[in-house]
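I opened a new page for this chain today. These entries follow my look-ups in order.

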Amino acid sequence: MINNVVLVGRITRDPELRYTPQNQAVATLSLTVNRQFKNVNGEREADFINCVIWRQQAENLANWAKKGALIGVTGRIQTRNYENQQGQRVYITEVVVDSFQMLESKGRTKQNEESQNNTAQNFARNGSNDIPGTEISDDDLPF
């Protein structure tokens, strides 16, 4: 069986770095990845993909990659579930990142923030400012 993911996209918000009770670093982030085709209105849509990265790579990512940065990641898709405070089963699909690569210099990131903002505005115009599944409280984490 093969479970391998390669993504190139922009970070939608600064990575959130946390530490487990065992002092292992874990960072969460969301990547916006443009689709290869345009919709019926001639606009390019994007997918917002939740990612998690562990240990030293998590610390490196949190220190170097900020909102709007173009990065490449490799990893695997993982699904998990938990019971929320209302007693409902919540299912989460995310990419567990094994490695990442910064794909542009810091100066280029500023130039591309406008493009990122345009994508977010298009998303908002199409119905919602919320991206389902991107908010995870400490109580929801399985560690």
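**Entry 1: a buried charged pair.** I began with E104 and R10, and found both of them buried. The model I am reading is predicted. I looked at how the two side chains meet: they form a salt bridge, with N to O at 2.8 Å. I then checked where each partner sits. E104 is in the loop between β6 and α2 (106-125), while R10 is in strand β1, so the pair ties together parts 94 residues apart in sequence.

**Entry 2: other salt bridges.** How many salt bridges does the count come to? I got 6. I picked out R35 and D47, whose closest N and O atoms are 2.6 Å apart. R35 lies in strand β3 and D47 in strand β4, so this pair ties together parts 12 residues apart in sequence. R35 is partly exposed, with a relative accessible area of 26%. D47 is partly exposed too, at 31%. Salt bridges with shared partners join R35, E45 and D47 into one network.

I also noted E16 with R18, where the closest N and O atoms are 2.4 Å apart. E16 counts as partly exposed at 35% relative accessibility. R18 is partly exposed as well, with 21%.

**Entry 3: the core.** Next I went to the largest nonpolar core, which has 19 residues. Those with the most contacts inside it are L29, L31, I53 and I71. Which elements each supply at least two residues of this core? I listed β1 (5-11), β3, β4 (44-54), α1, β5 (70-83) and β6 (89-102). β3 gives the most, with 5 residues. In general, nonpolar side chains tend to be buried together in soluble globular proteins.

Leaving out residues up to four places away in sequence, L31 touches L7, I11, F48, I71 and V73, among others.

**Entry 4: S30.** Is S30 buried or exposed? I found S30 buried, with a relative accessible area of 1%. S30 is placed in strand β3. Beyond four places in sequence, its contacts include R10, I11, F48 and I49.

**Entry 5: strand pairing.** I traced β3 against β4. The two run antiparallel and are joined by 10 bridges. N34 stands opposite A46 in β4. The hairpin of these strands has 5 residues between them, and there G42 takes a positive phi near 80 degrees. I then turned to β4 and β6, which run parallel with 3 bridges. C51 has V95 as its bridge partner in β6.

**Entry 6: I77.** I located I77 in strand β5. I77 is partly exposed, with a relative accessible area of 43%. The C-alpha atoms of I77 and N4 are separated by 7.2 Å, though the two residues are 73 apart along the chain. Setting aside neighbours within four places, I77 contacts N3, V5, T93, E94 and V95.

Entry 7: Most residues other than glycine have a negative phi. N23 lies in the loop between β2 (16-19) and β3 (25-38). N23 is exposed, with a relative accessible area of 59%. R55, also not a glycine, has a positive phi of about 60 degrees. R55 belongs to helix α1 (residues 55-64).

Key
Residues are numbered from 1 along each chain as its sequence is written. This is a predicted model: local features need pLDDT of at least 70, side-chain atom pairs count only at pLDDT 80 or more; totals for chains, interfaces and linings use all residues. Side-chain values use heavy atoms; hydrogens and water are left out. Helices (H or I, at least four residues) and strands (E, at least two) are DSSP runs, numbered from the N terminus. Buried means under 20% relative accessible area, exposed over 50%, partly exposed in between (1.4 Å probe, protein chains only). A nonpolar core is a set of buried Ala, Val, Leu, Ile, Met, Phe, Trp, Tyr and Cys residues joined through side-chain atoms within 4.5 Å. Contact means heavy atoms within 4.5 Å. Two strands pair if DSSP finds at least two bridges between them. A salt bridge is a side-chain nitrogen of Lys or Arg within 4 Å of a carboxyl oxygen of Asp or Glu.
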